[in-house]
Amino acid sequence: MRRPTEDSFFTRAALIAVTVGYVGLFLLLPLLIVFFSALEQGISAAFAALKDADAQYAIRLTLITAAIAVPLNAIFGICAAWAVAKYDFRGKSILTALIDLPFSVSPVISGLIYVLVFGMQGWLGPWLRDHDIKIVFALPGIVLATMFVTFPFVARELIPLMSDQGRDEEEAAVTLGASGFQMFLRVTLPNIKWGLLYGVLLCNARAMGEFGAVSVVSGHIRGLTDTMPLHVEVLYNDYQYVAAFAVASLLALLAIVTLILKSLLEWRYADEIAAVHRH
Amino acid sequence: MNMSSAVASSPRLRWRNPSVLPGFGLTLGFTLFYLSVVVLVPLTALLLKPWTLGWDGVVSVVTEPRVLHALKLSFGGAAIAAIVNAVFGLLLAWTLVRYEFPLKRFVDALIDLPFALPTAVAGIALSALYAENGWVGGPLSGLGLKIAYTPLGVIVALIFIGLPFVVRTLEPVLADMSLDAEEAASTLGATRFQILRRVVLPALVPALITGTTLAFARAVGEYGSVIFIAGNLPMKSEIAPLLIIIKLQQFDYAGAAAIGLVMLLASFLIILALNLLQSAFAARR
């Protein structure tokens with residue numbers, strides 16, 4: 001006899017079939033069609049698209065953008081988590097809410113706000129033009145927009161983790177005479193390293209793949225301000241489908257690697273990343 | 001010792017409890033500085049810019065029929081997609097937590113794909129799948145159902161993008177739920193359906209509302225995964241974020257900011273309402 005908390009065989013089979021079918025239709029098929037379309041005219045056509053000068057430039061620009069935005073957000077995340085998790089002060093919940101704010105802002109609005117500050121009709125537009133500094137339609141704008149959309153990733157990973165860990169170990173280290181830097185390097189960092197890596201992983205995936213925000217500030221100057229996702233759009237709108245899907249498949253590979261590493265971290269280091277991911 | 005200064009200065013800072021740990025000023029200072037530069041100051045520009053048009057100017061921008069239609073599509077589409085995700089998210093989370101089946105790990109890892117896959121990639125993939133000659137769109141168009149380049153395409157993309165939120169919010173709650181209550185209800189003679197309706201579902205409602213809210217919030221402002229499959233026909237399948245971009249391309253910064261501000265305020269109000277509903281349900285238990 002089956003236990004009272006167990007569903008009948010028929011229910012189980014039906015729900016598993018719906019789950020597998022739904023995930024297959026809505027998640028697996030879109031992923032497969034990217035690679036399928038990229039290889040439609042053979043692997044050499046796909047590689048030719050990746051070797052194209054504009055594609056190479058887009059890849060480089062995406063890597064540079066992530067290389068600036070991700071470490072800055074990681075440093076911010078550590079600082080914010082240290083201040084929020086290890087001290088009691090007034091206004092803490094407001095600060096935490098503000099840190100999460102970028103997640104509820106549309107990507108397009110995330111780009112728009114920098115145009116409003118740095119664009120020609122923006123607050124600083126005339127001053128920047130007089131001093132010949134380009135922010136919007138150039139690398140700094142792309143980096144800023146990327147920083148905004150990936151802003152909370154590391155912080156929101158580390159805040160619950162470091163709050164859970166408490167401050168006993170750090171207090172012991174300081175009491176025993178460690179300097180602040182020694183304490184961070186020998187006590188805090190080893191405690192948070194897997195959680196930090198988890199946050200950086202998600203932050204990087206979003207930074208390299210961001211489309212809406214970057215699209216607003218980039219100006220779509222081919223071979224100059226087109227990141228990989230923007231280059232995908234340009235090629236697709238040019239009816240160069242194989243090339244578009246070839247560049248897209250690089251981004252899809254990045255997503256797959258991210259998911260594999262993420263699953264590994266959740267599985268292998270479950271206790272050392274924030275409790276919300278343990279399942 | 002270098003921490004002595006921190007200890008000595010702490011009694012003066014009455015808004016926080018004293019601590020022997022160093023670095024409070026430095027880390028909080030950097031946090032506030034970075035938060036202001038990257039987030040708060042630019043968002044202030046969004047709050048202020050529309051009013052250069054005056055109140056009447058803002059009202060006339062956001063009540064243009066084309067803008068109103070786009071706002072309706074973005075908010076309505078996000079609401080429909082969130083409801084679909086609530087139903088299927090509940091079902092998927094239940095299956096993934098309660099049952100064992102082959103490839104379960106793989107299916108579970110795949111749930112996060114919409115988080116990891118760049119939206120532009122999702123956009124062209126969905127557009128290729130649901131086009132009239134696509135793997136899914138082909139058979140459906142045989143049945144007379146057009147998805148790509150219609151409002152339905154917008155909803156399909158928003159369902160894709162919101163899928164992980166409900167599942168990931170429900171999974172830990174389901175996993176932590178003790179079977180005792182279900183067993184007790186069964187001992188007292190409840191049928192399985194009664195148990196699910198009266199015992200299991202009420203325990204899940206707060207998390208279900210939270211997950212649905214997150215899916216909705218994400219879908220309202222979504223751009224990349226939508227614009228390729230939407231076809232972007234004015235008054236038909238044009239979403240609000242695209243109108244912001246069109247206004248910017250016409251150098252109408254204030255008009256773009258007006259639409260952005262209305263979107264942001266409306267979605268905050270809806271999120272706030274859903275959060276209040278969530279806490280009401282959570283408190284009742």
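Is Arg192(B) buried or exposed? I looked this up before anything else. Arg192(B) is buried, because its relative accessible area is 17% and buried means under 20%. I keep in mind that this is a predicted model.

**Entry: the partners of Arg192(B)**

I then looked for charged partners. Side chains of opposite charge can pair when their charged atoms come close. Arg192(B) forms a salt bridge with Asp7(A), and the closest N and O atoms are 2.7 Å apart. This pair crosses between chains. On one side, Arg192(B) sits in helix H11 (residues 192–220) of chain B. On the other, Asp7(A) lies in the segment before helix H1 (9–38) of chain A. I checked Asp7(A) as well: it counts as buried, at 6% relative accessibility.

Arg192(B) also meets Glu182(B) in a salt bridge, at 3.1 Å from N to O. Here the pair links distant parts of the chain, ten residues apart. Glu182(B) belongs to helix H10 (residues 180–187) of chain B, while Arg192(B) is in helix H11. Both Arg192(B) and Glu182(B) are buried.

I picked out Lys262(A) and Glu266(A), whose side chains meet at 2.9 Å, N to O. They are four residues apart in helix H13 (residues 241–268) of chain A, so about one helical turn separates them. Lys262(A) is buried, with a relative accessible area of 8%. Glu266(A) is buried too, with 16%.

I followed these two further. Lys262(A) and Glu266(A) are part of a network of salt bridges that also links Asp108(B), Asp112(B), Arg168(B) and Glu171(B).

**Entry: cysteines**

How many disulfides does a search of the whole structure find? I wrote down zero, over all chains. For Cys79(A), the nearest cysteine sulfur is that of Cys203(A), 15 Å away. A disulfide needs two cysteine sulfur atoms within 2.5 Å, so Cys79(A) is in no disulfide. Cys203(A) is in no disulfide either, and its nearest cysteine sulfur is that of Cys79(A). I checked their cover next. Cys79(A) is buried, with a relative accessible area of 14%. Cys203(A) counts as buried at 0%.

Which residues make a nonpolar surface patch of about 460 Å²? I listed Trp123(A), Leu124(A), Val41(B), Leu47(B) and Leu48(B). Leu47(B) is partly exposed, with a relative accessible area of 44%.

How values were computed:
Residues are numbered from 1 along each chain as its sequence is written. Chains are lettered from A and ligands numbered from 1 in the order in which they are written. This is a predicted model: local features need pLDDT of at least 70, side-chain atom pairs count only at pLDDT 80 or more; totals for chains, interfaces and linings use all residues. Side-chain values use heavy atoms; hydrogens and water are left out. Patches are made of residues with over 30% relative accessible area and no salt bridge: like charges are joined within 9 Å, nonpolar side chains (Val, Leu, Ile, Met, Phe, Trp, Tyr) within 5 Å. Accessible areas come from the Shrake-Rupley method with a 1.4 Å probe; for residues, only the protein chains shown count as cover. A salt bridge is a side-chain nitrogen of Lys or Arg within 4 Å of a carboxyl oxygen of Asp or Glu. Buried means under 20% relative accessible area, exposed over 50%, partly exposed in between (1.4 Å probe, protein chains only). Helices (H or I, at least four residues) and strands (E, at least two) are DSSP runs, numbered from the N terminus.
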